[in-house]
Amino acid sequence: MWFAALLIWKILLFMDITKVEHNESLVLFTSTLIILFLFALIHFSNFKRKRTIEFSLYNIVSAFMFADVMYYSYFNSLPSIRMMKQFHQLGAVGDSVRALLDIKNLMFLLDIPFHMINHRKNPEVGESKTYNKYIRFGVPASIGLILVIVLSLLNFKGLMEPISNQELFTYHIKDFKTTLAEDEIAEGRGIFTQEDLEELIERSKLKEGEYTGIGKDKNLIVIQVEALQNFVINCFYEGQEITPNLNRLIREKGSLYFDNYYQQIGRGNTSDAEFVTNNSLYPSMEEPTYSQYEGNTFYGLPWILRDQGYTAWVFHGYEKEFWNRDKAYVNQGFQRFISEEDFDLIETIGFGITDEEFYSQSMDYLKELDSIDDNPFYAFIISLTSHTPFKMPEEYQYLDIKEEHEGTILGDYLQSIHYADKALGEFLEDLKEEGFYDNSVIAFYGDHFAITGFNPSGVELMEDFLNIEYDVNEMFKIPLIIHIPGEEVNETISRIGSQLDFLPTILNIMGYENGKGLMFGRDLANYEGENFVAAQTYVLKGSYIDDDTLFYMSNDGLFENSKALDRKTREPLDVKNFKERYENIISEINKSDYILKRDLIKLLMENQGQIDLAQLEGENIPDDKLIIKCYDNPLEQLRKSYEKGSRLLAVELHFRGNEEILLKGQQDMEDLVNWMEKHEEAYVILRSNEEDESIFLKVKEDCPTLKDRFIVEMTKFEQYNKLSNKAFKNIMLNISKGNYSRKEIMDFLKRHPLAGVIMDKKSAKKSFIKGLKNLNIPVYLDGVDKGLNTRRYKNIDGFFIGQ
């Protein structure tokens, strides 16, 4: 049990690194019980080589904790199993991963080699010890019982969710279950309504205002600069201008500088910055958007400009497969992807080709792009050199860095971004020389932060350098500069916004409308309402930044444990005052999630912008699938339902005394028989809460001529023989009232094909339904109402509605 004690110590370290702030004692107690239970199962067993098994388990859990804290150190959240799909990309960010290897994180692994050496020297220690059966079964069972009681109490008290958001084992179990869930249903506050759709369509329309159309018919060159944070703009280091070329551009006529502009990324980092910028949709938080929604239809900036006669190309100096770009760009609307294989890698830094070579060689492709049909072009250019960990060769280090900053992330970043600015300045000069400059709208923005606000050493460096508090407000802030040569405008716009707002803002400047798609962003040059930034990475979903407030969703997922601060003073505010804003923001994100999951833009385009969501979602159960439960006033309900077209109906029976059968609602069985004799197309499902099948056998005796139009519901396997033996031809099995496993149910149905299976929503899993359909057995869903979203239940044959 020595390994269990060590793991419990590591759990304390894990909780410290992952900043468990709420219900700490319950989180620790839950982890401790799980560890003790697992190791007790092994330690008190009669397994051979049980010390080896304990050591293996210890290594596995330690590795999980190490992976979690490494991910958390960068993303400020625990990882999802979905991100395993991206493990093949770790090689490309090896330097970034190595930068996170501090002693605290490494402590989860450092002791393992010593245990391994000791184990090899003493392989037999503890291997042969045996215990009597009372200890062997009693100790694990006792710990297991306590664990079950604790988890049950947590669930009863509503604490299971906040605990599992922070506790190692339950978090991964929940994540694993969520990942394997068969039904991808977009969550949301209520339903994505027709009103929501109409509001988004209206929001996406061009509203003329200041700067509308000043870039019309010009080329558009958008440059996404790797890790460009806003704090370097107009900033000096020891008298040295960090970004002289961008600063000069901001001061020129024709420039709009947005200084309250923020990143809006998901699991795909740089690629999600591209996605949001071009589409004005929130990114996925399940896996990189370019991977998860590769096959979706989009109508963002490339497609909109193509409809105006533009040619759209994208440029990036790295491997085309990275972040699934080569496949995703097609549906994004880009007609050609100029990637690493199209460049001569004369000079490389970090990831690949240097920015100077990248921009220089891209000029030849811009000339080719410009020659196509004499039409304007859209060039989307993604830089590379200023990628973390910002290690620049000495010959590219142009700033004089103080000794105290040499080798730090701040000193390295300043050198890197200064080089990136130098390369941009040369590119602008090349654009002038080649004749592109005056006839182009040129936009620059950063993809995401460079220096994390969650690493104490980085925060200390930044706060000392900037002399302000370094939190998400500064960390997430990136610059947006839009330059329209020849225009007399020059303005710094401080309206708060994010990459979500780029598309509507640039469309206004270009003078084009998004006539087919949907946008969640706002035109920052004209929008007068309150705007916000709904961050989802590095903080929990629900966190946001607006003009006045920094709202941090609690790590345990509970609103009441969240934190609200005055954005200007950082003074704490009463979190209760922000519930409505928080819910609206969650609703916005969920709407975008719904659009992606439903591929709604494709449906909009196929139907010329006219969609009936109620019909799409199948909110009204088709009449031919309705099974009305006629319980309260059976005969009247039977009559009305039959008149509306229902031919399959349900009643509930019970005994009065030992012989007389009544329908629920206290009507005689004879009344039902008379009604059925007059309505020969009707079939009636007989249901009962009686203990056995005797009530149905009595029906068969009393009404032999109708037995083939009666469908009886059984709830136990043992009822089958009596009900089927010269009694009823049509029998259904209600699995929601039994306690059988899926395998047991499938095995029974293979032997005894029935007229149908009745289940509740909890049991209605895709794989299970598919298995039943493979046996040609109809499936019916009980416990629903007529407003059920039937889209997820398209393979269901009927729905019981009513009581």
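**Close-up views of a predicted model**

View 1. Pro 389 lies in the loop between strand S9 (377–382) and helix H17 (409–433), where helices (H or I, at least four residues) and strands (E, at least two) are DSSP runs, numbered from the N terminus. The model is a predicted one, in which local features need pLDDT of at least 70 and side-chain atom pairs count only at pLDDT 80 or more, while totals for chains, interfaces and linings use all residues. Residues are numbered from 1 along each chain as its sequence is written, and side-chain values use heavy atoms, with hydrogens and water left out. Thr 388 and Pro 389 are joined by a cis peptide bond, with omega at about 15°. Phe 390, which lies in the loop between S9 and H17, has a positive phi of about 65° although it is not a glycine. Most residues other than glycine have a negative phi, and most peptide bonds are trans. Phe 390 has a relative accessible area of 2% and is therefore buried (buried means under 20% relative accessible area, exposed over 50%, and partly exposed in between, with a 1.4 Å probe and protein chains only).

**View 2. Gln 608 in the loop between H22 and H23.** Gln 608 is placed in the loop between helix H22 (600–606) and helix H23 (613–617). Its phi is near 50°, a positive value in a residue other than glycine, and at 65% relative accessibility Gln 608 counts as exposed.

**View 3. Helices H1 and H3 side by side.** Helix H1 (residues 2–17) and helix H3 (residues 50–75) pack at an angle of about 5°, with their axes 11 Å apart; axes are lines fitted to C-alpha atoms, for helices over the stretch in contact, and angles run from 0 to 180 degrees between N-to-C directions. H1 and H3 are therefore roughly parallel to each other, since angles under 35 degrees count as roughly parallel, over 145 as roughly antiparallel, 65 to 115 as roughly perpendicular and the rest as oblique. The contact (heavy atoms within 4.5 Å) includes Phe 3, Leu 6 and Phe 14 of H1, and Phe 55, Tyr 58 and Met 65 of H3.

View 4. The order S14-S15-S16-S17-S18 describes an open sheet of 5 strands with antiparallel pairing, where two strands pair if DSSP finds at least two bridges between them. Strand S14 (532–533) and strand S18 (572–573) are the edge strands, each pairing on one side only. Strand S16 (residues 549–552) and strand S17 (residues 563–566) pair in the antiparallel sense over 4 bridges, and Thr 549 stands opposite Asp 566 in S17. Helix H21 (residues 579–598) packs on the sheet and touches S14, strand S15 (544–546) and S16, and the direction of H21 makes about 115° with that of S15.

**View 5. Strand S23 and its two parallel partners.** Strand S23 (residues 683–688) has 5 of its 6 residues buried, so S23 is largely enclosed by the rest of the structure. Strand S20 (residues 648–656) pairs with S23 in the parallel sense over 6 bridges, and Val 651 stands opposite Leu 686 in S23. S23 is also joined by 3 bridges to strand S24 (residues 710–714), and these two strands run parallel; the bridge partner of Ile 685 in S24 is Ile 711.
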